[in-house]
Every structure is written in C-alpha cells, then in structure tokens.
Amino acid sequence: MFDWQFLQEQLLRGEMLSDQQSLSLTDFDDTEALVRVASILRDRGHQNVITYSRKVFIPLTHLCRDVCHYCTFARTPKKIQQPYMPIEEVLELCRQGAIVGCQEALFTLGEKPELRYNAARRALQEMGFSSTLDYVKEVARRVLAETGLLPHINAGCMDADEIAGLRQVSASMGIMLESASQRLCEKGMPHYGSPDKEPARRLQTLDLAGQAAVPFTSGILIGIGETRRERIESLLALRQVNTRYGHLQEVIIQNFRAKPDTLMSAAPEPDLNELLWTIAVARLIFGAQMNIQAPPNLSPGVLPQLVAAGINDWGGVSPITPDYVNPEAPWPQLERLADETAAAGKFLEQRLTVYPAYVVEGERWLDDGVQTSVLRLSDAAGFARRDKWVPGEEHGVPAIEAKLLAARVESDAVSPDVLDIVSRCNETGELKEIDVTRLFNVRGSDFSYVVAQANQLREKANGDTVSYVVNRNINYTNVCYFKCQFCAFSKGKQSENLRGRPYDITGEDIAGRCSEAWDRGATEVCMQGGIHPDYTGQTYLDIVNTVRSATPEMHIHAFSPLEVWQGAATLGVSVPTFLRQLRQAGLNTLPGTAAEILHDEVRADLCPDKLNTEQWLEVMAASHAEGMRTTATIMYGHIDRPRHWASHLLHIRSLQQRTGGFTEFVPLPFVHMEAPMYLKGKARRGPSFREAILMHAVARLVFNGLIDNIQASWVKMGKEGVAACLKAGVNDLGGSLMNESITRAAGSGHGQEWAPEQMEAQIHAAGRQPRMRTTLYGDAAQERRNAALNAAPLSEVRGASAAKNQRSKRLSVVERPLGAPDTLEVKWIHESRDSTVYESVVLMAACN
C-alpha cells in the first residue's frame, strides 16, 4: 500500500527510495508535496547555488542516420551547405567564445551519418578521416589545445574504443537516454526507424562510459508519448548504471517542444505541472547530491518554479550561439537568468562542462592532458574561474564579487547552517573541519554575510585602525636543496630554467642592508632563505650576530620552522635547544612560513621533503615555550581544496588556544606564473578573488578572540585586492618590505616596496586610520616614524653569486684607534672551507 508519509520521512532521513518505492510514485498526483520534499533534498546537496555552463554550441554535422519524429536538427544532404563544419571555422567560433568568457565547447552531431549518406563518406575521405568520430576527435584535440575551451561531446552511441579515444580530448561526454521504453521504438512511435534510439544500445554506451571513467551526462525527454511509469523506469535505469560506476554527473529533465515540419508538429506539449512533477520525482529518486537540470530556454517565465521543484542546474547557456536543437527557444540573457535565479532565493554560479565533484577527483575522471586545462579553468571547489583576476597581477575587483561585497544581507536570506557556524565563531565556540569547510564554500548571499560578519569582528577587535610595519626583507640565499613544487625562488639542479641566478649574500651584505633599513626608519628586519646545502645551525647564529652587531636596536624576525629544524639537526641539538641559542644570540620572533598547507595529504605532493604538519607545529610550540612569538601563514590556491584550508586553520587555532604565541595570521595566495608545478600543468592559477577574500574573512571568524590581527599581503593581492580585504576582516597590511624577492620571482608585478606614504594613502582611501607599528604590534617610536617618512631612495641590491660552499655570514669589528674619526672601519670576514678573504670597508654609522 502506498504511504507517502512513510516515504517522505525515509527521504528526509537521507535514505534512498527502492525501485519499487520509486515506481509507487507513478499515481501520486500531489505535485506540491513532491516539490516540497525535493526542494529540501536539493538544498541539502547544493545549498543556495544553481549552476550553469557558459558554452559555445557547435553543430559539427546536421547529418544523422536516425529519423526521430520530433527532431529538426537532423537534415538530409540536400538541405545543408556542407556535410561537416570545417575545423578552422570551429576554432574561430571557440576563440570568439573564449573572449566572452565561454569555457565549454559543446559538440553536437547526428549519429554516424556515414552509415547512411554517400555525401558524409566523401566529405570524410576528403578531410582524411575514416569516420565521423575520427573527425570529432581531431576537432576536439585542436579546440582543447588552441582555444582553451573544454570539449563536451554528444556523439551518440559508441563502443569502448571510440569512448577511450574521445576521453583523451574531452572533459565530459553525454547521451540522452530520452526513454528506456522499447514501446517508443515501435511503428507509429517517435523513435521508429531510428536504430540508435534503441534503449539497450544507449544504456550500453552509458555502461561503457562508466567503465572508462568518463564524466557523463544523460536524461529523459518528457511528453513524447511515454507514461509516467515509463519515465520512472527510465530514471531507474539511469540510477542503476550510475550506482555501478558513479560517472553520471547530471540528469536532464527536458520537456518536449513541438516543432513545425516534423511528424510531431501537432503533438501536445507537457504542461508545467507535468514538468514539475517529473523534476521532483527525479530528485527523490536520485537523492540530494545528484545534479538535476532543466533547460531554461524551454520554460520561459516559470524558472523560479523549476528551482522550487528541485533542480540545481540550468545546463549550458551560450552568449554567442543559438540552441541548434531547439532553435525556436533562444537562451535567456545571463543577467536575466541570474535575476530569475535570485528571485527563487538562489545564487547563479558558473561551472565547467565537468561538474565540481569530478574536477576535485580529476586524477580518476580526467585524462592527464585534459586535467591540466581543467585545473587552469577551475577554482578550489571545482567550479569555474569566471574572471581574469589572479594574485600578483593588478586587476579590478570582479563584477560579481564587487556586487556581493557591497550587498547588505538580512539573516533570513542566509543559509541556516551558515548562521549557526558564524554564531559559534562569534562566541569562540567549538568548530569542526566540516564547519570551516562550509564557510569556505559559501557563495551568493552567504558569501556577503560571512564577509560582513568578519568585518564586524575586525571592528570590534581593532576599531578603524589599520597597522603596518616598516621593515626590510633579506633573503640571504636562493640556493635550496628542497624540492617544493610551488617555489620559483629557490635555485638548484632542477631549477636552472627559472628566472634569476643563484646567489648567497655575505655578512657584509646583510649588515649593510640592515644599516640602510635602520636609516630608512625600519624597526624590523625579516630574514629567510633557501636551505643552502652548506648551511648549518651556526650559519643562522652568525646571521643573528651580524644583524645585532650592525643594528643593535633592530627587531630580528627570522628563520622559518624549516630553517630552525634543519639548523638544529646540523648541530646535533634539539629544536628547543637551538631556539634558545638563537634567542640568546639576539633573535626576537619567528615568521610562521613554510606552513604552506598544514595537511599531509597536500604536502606529500606540494613539498614532500619538507617538514610535515606535526613537525611544523612542534617548532611553533617550542618557539612559544621559549618566549618567542611567531606569525602564522597559509600558502593556498594550488592543488589544495577547502577542506585542507579548514584543517590548516583549525591546527593554528588549536595551538593558539594552548600557547597564545601567534601575533597574526597571514594568508599568502599562490602566485602561479613562474611556479614549477604550474608550468608542468599540475596546479591551478592561484586562488580566485572570491577565495582570496574568503581566506581573510574566514580566518577572522575562526580566530575570533584568539588572534586579533589578520594581515593582507599587498605584494600578492595588489591595491584593489587589499582594498577589498580591508572590508573583509583585515586590519594589517604587513611590512613595507623594501626588498621583496620571493613573490616577484614567482611572477608578481606589485613591486618590491610599499613606502609608508603609499601604505597610509591606501589605508586612508579605505576610510580607515593608519598606524605605524612594531613587530609585536606596539606603536612605532616617533623618531622611527620621522625617519621612515623622510627616507632616502633605496640603494640597488647586489647579491654575491652562489658557490658550492656558503659565504660566511660572520662580521668581525676592529677596535677604533684613539683619535680615529666617528666612522668605524671594520673587517668583513668571508670564510669558506677553502679560504678566508678579507675586505676593508667603511661602515657609515656613528661610533659612540
């Protein structure tokens, strides 16, 4: 006996309907009840997001051996100008699409026309192809290689070899099942005379695609003479094949539209209730996670109702080409589609032809060559990168984010789970990885709310003050024997092709740069470098001694946890012992770099020979125990995912709750241009603008009450990015740097110094008050401020070439004879294992 209440409770518990239970829905006419449950399930799986793909629709050939009674796409040779679209014409169309932001090339064609038409066979022979699918493969290869668009191929029924060949050059494929009813192939029915519409053949193609791990699209066509039971049987057939392989990335519910000059031109079209009923039933059968799609151009005026029925996707929409299958139904303009989606309480987000879940698991679902293209077009969650913004380049704020940043959102427009998580952040309550991951995945009004809440917490903790420190970066060597895949700075045997020459500066260089920095108003020198194979813990002690001798009052902020770990190991002492030695030599604080992503799953590929997560945290904890505070960083936007970011933030949060030793959190977006892993096609193009803003905002929320200072990196975010971050929880702009080299080596074009005047102008432009600070967030002395605001131009930096053995970092001072002038002559001792070299120089500093 049919029991809707029982089925409803089962579905809301997250349990799937059995085949028999699904079939029992055939005679259930309460569409409103179905829609109500379907909408809840959709929101569980897809939150407030409705997706679409921006595509170019490419009709490679209108020839087809089938004669479906409702189709106007297929034509005979006499009614077309050319059997196949020339490849150069396809490429030009795709290039035009790329200009307007298209990322999908949808290949639509008739089924194996060469089996029916001599014209097709002759055309293929003239082009040098043995079959239509050989031609399709070459077109797809060139589109992928020459335009950057991702081919999606609807080539009909295929065998295993044909699928394997096309998988090499496409991101996804598809075939509409339309119906699993054999009855529709009988005489007088719409599929009569169309051998490729035999349900068994189409389901076999679906099965073979699953075996080949191809992200696949399918669906049903309603209103062509099938019954409701036959629709459910068709959906169950799709569910069955997907259960075996998990490759069915979307199910399309397409409503029949009668077309002139077809055998079904007078057939009745399904009404709106029938469409809503079918969409809702599809959602109930497939559950919360499946992508259910309805084409928006086939149901104008009722799109919010389709959303309410349980869809989460509009399919492909083209800004430059028509729907050649339904030419009577133009695509809606994307602005209007976004507005109608918003009217349904949802946010329209762009995806690729391959859905996010399959992008995230690209190693399983995509050919290696295709995966590189997908990485470059996708964000960390697998959605499309829909704008040109990248870290290290100056671009304006993307239009969608600019609108969302300016939006004022009421709580009733925000997803309930987001409200709950933010509430717990406000109270410094318990947070789990799934909670923080959810915050990183917010879009639309949820994004606006998270950013606004972060900004409120910033105001509560810091007021309207934005701080910065006048400092100098000194990267003493770019020689490194570690093999971090993201690094364009280090030089070693594997990196001769990267920009810059290997260098290893001397103690003279270090002291001179510190003295110049002090004269220019600096209160801090920040020092890090590659791990030179000849460096030991004594090298780092020498560096500290040199800086302390040259500039006694300078705050020394130096050495990543990796350098500390390596230094301790080379001296044969424990990390706490080495940290104590560094502190006694004059080290004040440590930068929390080399963290990258604190998740060993990522580190195994990103920096396999570097410290693991536990070791990095161990160094930080030991530093805090020694009384030296540190910063904390994250370097994100490469091969990582939101769940990895969540894990990273929670590791930092947990340690801060124990030690209180972190002064600030510094998000460092991956700059891709010269990074080895990007050049090898193994990484994304850094975080999207949305992700970069969220990293700062979510950090403010997660660290509320624990870490008061959230910093934006001007060298990576640029002016426009920094301005946006100041509205998203940021209260600090970091250091003026004087000599930034690591990010510039990766390809950033934001310069090597933001002088105090530039810092303060940026802060004033944001409507905030600047504050020159010290490393530990005290106010900079007025004398330091005066020096910084009246600094002389920066001298050109010249680094000594690197050698097999390190250049000494020691500094030996000769006593000043009686009657000597107020300048001090010193001896800089450059020691190596082979020789000792002495140079006489004059240190232009007062000798008291």
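This is a predicted model: local features need pLDDT of at least 70, side-chain atom pairs count only at pLDDT 80 or more; totals for chains, interfaces and linings use all residues.
1. Is Q10 buried or exposed? Its relative accessibility is 6%, and because the cut-off for buried is under 20%, Q10 counts as buried. As for what it touches, leaving aside residues up to four places away in sequence, the list is E15, M16, L17 and Q21.

2. Next, have a look at strand β11, residues 471–475. Five of its five residues are buried, so the rest of the structure largely encloses this strand. Which residues point which way from β11? N471, N473 and N475 go one way, while R472 and I474 go the other, and all are buried.

3. Strand β12 spans residues 524–528, and five bridges join it to β11, with the two running parallel. To find your way around the pair, take R472: its bridge partner in β12 is V525.

4. On confidence, the chain has an average pLDDT of 91, and 92% of the residues score at least 70. Residues 490–499 are another matter, with pLDDT below 50; the model gives this stretch 21 contacts beyond near neighbours in sequence. Residues 814–848 also stay under 50 in pLDDT, and here the model has 64 contacts beyond four places in sequence. I'd keep those pLDDT values in view when reading the contacts of either stretch.

5. Now the whole chain. It holds 32 helices and 19 strands. How does its radius of gyration sit against the globule rule? The value is 32 Å, close to the 29 Å that the rule gives for 848 residues, so the chain is as compact as a globular protein of that length. Along the principal axes, the C-alpha trace spans about 115 × 60 × 45 Å.

6. A few totals to finish. Of the 848 residues in the chain, 61% are buried. Among contacts with a separation of 6 or more, 76% are between residues 24 or more positions apart. The accessible surface of the chain comes to about 32,900 Å², and carbon and sulfur atoms account for 49% of that area.

Note on methods
Residues are numbered from 1 along each chain as its sequence is written. Side-chain values use heavy atoms; hydrogens and water are left out. Buried means under 20% relative accessible area, exposed over 50%, partly exposed in between (1.4 Å probe, protein chains only). Contact means heavy atoms within 4.5 Å. Helices (H or I, at least four residues) and strands (E, at least two) are DSSP runs, numbered from the N terminus. Two strands pair if DSSP finds at least two bridges between them. pLDDT is the predictor's confidence in each residue, from 0 to 100. The radius of gyration is taken over C-alpha atoms; the globule rule is 2.2 Å times the number of residues to the power 0.38. Accessible areas come from the Shrake-Rupley method with a 1.4 Å probe; for residues, only the protein chains shown count as cover.
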